[in-house]
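Please open the structure in a viewer and keep the selection tool ready.

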Amino acid sequence: MNTAAGLVRPGRPVGHLFELRGWVTAGDGVTVHIGASEAEVRRHDTGTEPPGTTGLLIRTPDPVPTGRHEVVVRAVNGDVLTSAVVEVGRFGDEEPLRLYEIDTPKHGDNPQGDVVFVRGWVLLDSRAPSLVEVLVDGGEPVRARTRLPRPDVADHLPDFPDAGVSGFEARVPIDLPAGEDRALSVRVRVRGELSGEWTSEAREVVLSNPAAEDADVKLAAHLAERTRKALTRPRGTTDPRHVLVFTHSLAVGGGQLWLQELLDRLATRHGWHITVITQLDGELRADCEAHGIDVHLTSPYRVHDVASYEGHIAELAQFARGTDASVALVNTLGAFPGADAAIRAGLPTAWVLHESFDLNDFSYQNWGPAGLLPPVRDRWVRTLREADRLLFVADATREMFLPFSSPERCRTIRYGTPMVSYGGQVSERDRRAARRKLGIPEDTTLLLNVGVLEPRKGQGLLISAMDRVRRAHPGIRLSIVGHHPSPYGLALAEFTERSGLTDWVDLVPIQRDPTPWFEAADLFVNSSDVESLPRSILEAVCCGLPVVASDVFGAREMITDGHSGWLFEPNDADALTVALLRALDTPADRRRVIAAAAYEKLHGWLDPAGYAAEYADVLAELVKERG
């Protein structure tokens, strides 16, 4: 007797996990595949099967992506008995299909500190969403950082191209004094391209910000007084042209490259003797020493307990007094122990703040959920108030930190770039030479992003946007210069391949000199969600590249939307896609006019000699004020 089988086709689209009914000739065994995956099959009579047959219940063991999928029933010998096409998707005005998990916080959690950290993953209609927002107690929504690596989700959902970058996270600072608790309601709101919106159920948590331990407060005061007494001995003669510099690292990075360039100019053009104290060594040390800059390596700042913090500050302050430096320069917000040590050593101190973070958020990212112990945090805030100058690269960042100082102590000094020598344009000869060197065809429209691959740079969103933009502009190509084998970098490489974008997206390793890419490009894209004054934008403007940029701190000080570039809201894939399409739909001649307008607006402060001279003046001014 021949085996026969049948399927009952659903009359509407089904969800990611679904069941089908069917039948098979009594006594015969079958296998069922949905796409390439084998389904679970068991016998289950409903009384509606044809006479002489047995009912089948067919279930998907794992979620199935949105789209049309063939369901195939095979006999034991492999012969196809029947098949049907099932559509996975929404029906009518129903909510979008979703797969998600909010890892933290769980309902009833009691997180510590003054920041609510929300982390999870989500797919909306099978794709990573365009926008994820976190809502805490009905406050203003906080945009989550998206396209974060989730290899665990990729392993569980191998048929979903976006699964490996479906992660999101957000930190929501809460104004909660030490020693207090607060009950909070946390929800996640998600929006997808053509998918509409979905909001999770609320999770109730109690946030507790630990009070300072009396013993820690007393110990901090005792050790600070002991350090003060140890530093009361008179210093010897000081050199009014010797600056002591505290920085977090000499590895290659944006803030470090800025500092290295500044110190080179202070040493070679302004006659400053420089000593650098860094907690992390790196290849920039060789550059410093080549210019006669002394480098002292110290241990990582000891901020996690009061005794270690005060002991390290005492050591750094004693070292500072043992030099003949007459002024201190501190680089980055996280180097606050250096600023504290310099101030306690009696040096007038200028502190350069590149970061545009709320202090609670910065503390969470760098020192964990509990942040700094209250006595150490108090020193951080007090040091901001006591620094003689707080220096910024963007007015927006200056405004952010004004509550911690006074207007007369806060100053914006925008940095420049050696690429100002291009004068706002790259010659056609240099452009063609760069393209030949990089292997880029003349008829390709090259989009460029330069920056170490890391979540805050938003390259994952940019790759997602390319999936849509290349359909309207198939002749484009994106080069992201800054790839390295970090979890984020590896996840983006896999995402690019799984999305079928390898013909449109190049992930280029970190380059000490990315100049050829600037020379070869047609359009520059900055996709970061946190910046102060993105240096790469300045470099692009110097090379005559029109710029598409996220509206982060400092962006509006460089780009006027529609006049000298295009701006978009950060952490929003739809907004980024629209901005790219606006730029690419603009005729090439008009794009050149827009690039020229950007250079005209900025060229007055693009020369790095200008900001180096300003820093030299600030340092000399502080020395003079102290007499």
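**First stop: residues with positive phi**

Select Asp 125, which counts as buried because its relative accessibility is 14%, under the 20% limit for buried residues. Please keep in mind throughout that this is a predicted model. Asp 125 is placed in the loop between β10 and β11 (131–136). Its phi is near 50 degrees, a positive value in a residue other than glycine.

Next, select Arg 147, which is found in strand β13 (residues 145–148). Arg 147 is not a glycine, yet it has a positive phi of about 60 degrees. With a relative accessibility of 3%, Arg 147 counts as buried.

**The cis peptide bond**

Now select Thr 104 and Pro 105 together. The peptide bond that joins Thr 104 and Pro 105 is cis, with omega about 5 degrees. Pro 105 has its place in the loop between β9 (98–104) and β10 (115–124).

**The whole chain**

The chain contains 17 helices and 30 strands. Its C-alpha trace spans about 105 × 70 × 40 Å along the principal axes. Of the 627 residues in the chain, 55% are buried. Among the contacts in the chain with a separation of 6 or more, 69% are between residues 24 or more positions apart.

**Aromatic pairs**

How many aromatic pairs does a search of the whole structure find? The search finds 15. For one of them, select Trp 258 and Tyr 611, which form a stacked pair with 6.5 Å centre to centre and 15 degrees between the planes. Trp 258 belongs to helix α3 (residues 254–269) and Tyr 611 to helix α17 (residues 608–626), so the pair ties together parts that are 353 residues apart in sequence. Both Trp 258 and Tyr 611 are buried.

Move on to Trp 367 and Trp 380. These two residues form an edge-to-face pair, at 5.3 Å centre to centre and 90 degrees between the planes. Trp 367 lies in helix α7 (residues 359–367) and Trp 380 in helix α8 (residues 374–386), so this pair ties together parts that are 13 residues apart in sequence. Trp 367 is buried, with a relative accessible area of 14%. Trp 380 also counts as buried, at 0% relative accessibility.

**Arginines over rings**

Select Arg 414 and Trp 605. Arg 414 lies over the face of Trp 605, at 5.5 Å from the ring centre. Then select Arg 535 and Tyr 415. Here the charged end of Arg 535 sits over the ring of Tyr 415, 6.0 Å from its centre.

**Two helices side by side**

Select helix α11 (residues 459–472) and helix α12 (residues 487–498), which pack at an angle of about 5 degrees with their axes 10 Å apart. Because of this angle, α11 is roughly parallel to α12, a term that applies to angles under 35 degrees. Which residues make the contact? From α11 they are Gln 459, Gly 460, Ile 463 and Ser 464, and from α12 they are Tyr 488, Leu 492, Phe 495 and Thr 496. By class, this contact has four nonpolar, four polar and no charged residues.

Select Asp 281, in the loop between β19 (273–278) and α4 (284–290). Is Asp 281 buried or partly exposed? At 35% relative accessibility, Asp 281 counts as partly exposed. Apart from neighbours within four places in sequence, Asp 281 is in contact with Leu 250, Ala 251 and Leu 297.

Select Thr 515 next, in helix α13 (residues 515–520). Thr 515 counts as buried at 16% relative accessibility. Not counting residues up to four places away in sequence, Thr 515 touches Met 419 and Tyr 422.

Finally, select Asp 551, in the loop between β29 (547–550) and β30 (566–568). Asp 551 is buried, with a relative accessible area of 18%. Leaving aside neighbours within four places in sequence, Asp 551 has contacts with Arg 556, Leu 567, Phe 568, Glu 569 and Pro 570. Leu 359 is 192 residues from Asp 551 along the chain, and their C-alpha atoms are separated by 21 Å.

Conventions: Residues numbered from 1 in each chain as written. Predicted model: local features only at pLDDT ≥ 70, side-chain atom pairs only at ≥ 80, totals over all residues. Heavy atoms only, no water. Axes fitted to C-alpha atoms, helices over the stretch in contact; angles between N-to-C directions. Helix = DSSP H or I, 4+ residues; strand = E, 2+ residues; numbered from the N terminus. Parallel < 35°, antiparallel > 145°, perpendicular 65-115°, else oblique. Contact = heavy atoms within 4.5 Å. Nonpolar A, V, L, I, M, F, W, Y, C, P; charged D, E, K, R; others polar. Phe/Tyr/Trp six-rings, centres within 6.5 Å; stacked < 30°, edge-to-face > 60°. Buried < 20%, exposed > 50% of the residue type's maximum accessible area, 1.4 Å probe, protein only. Lys NZ or Arg CZ within 6 Å of the ring centre and 35° of its normal.
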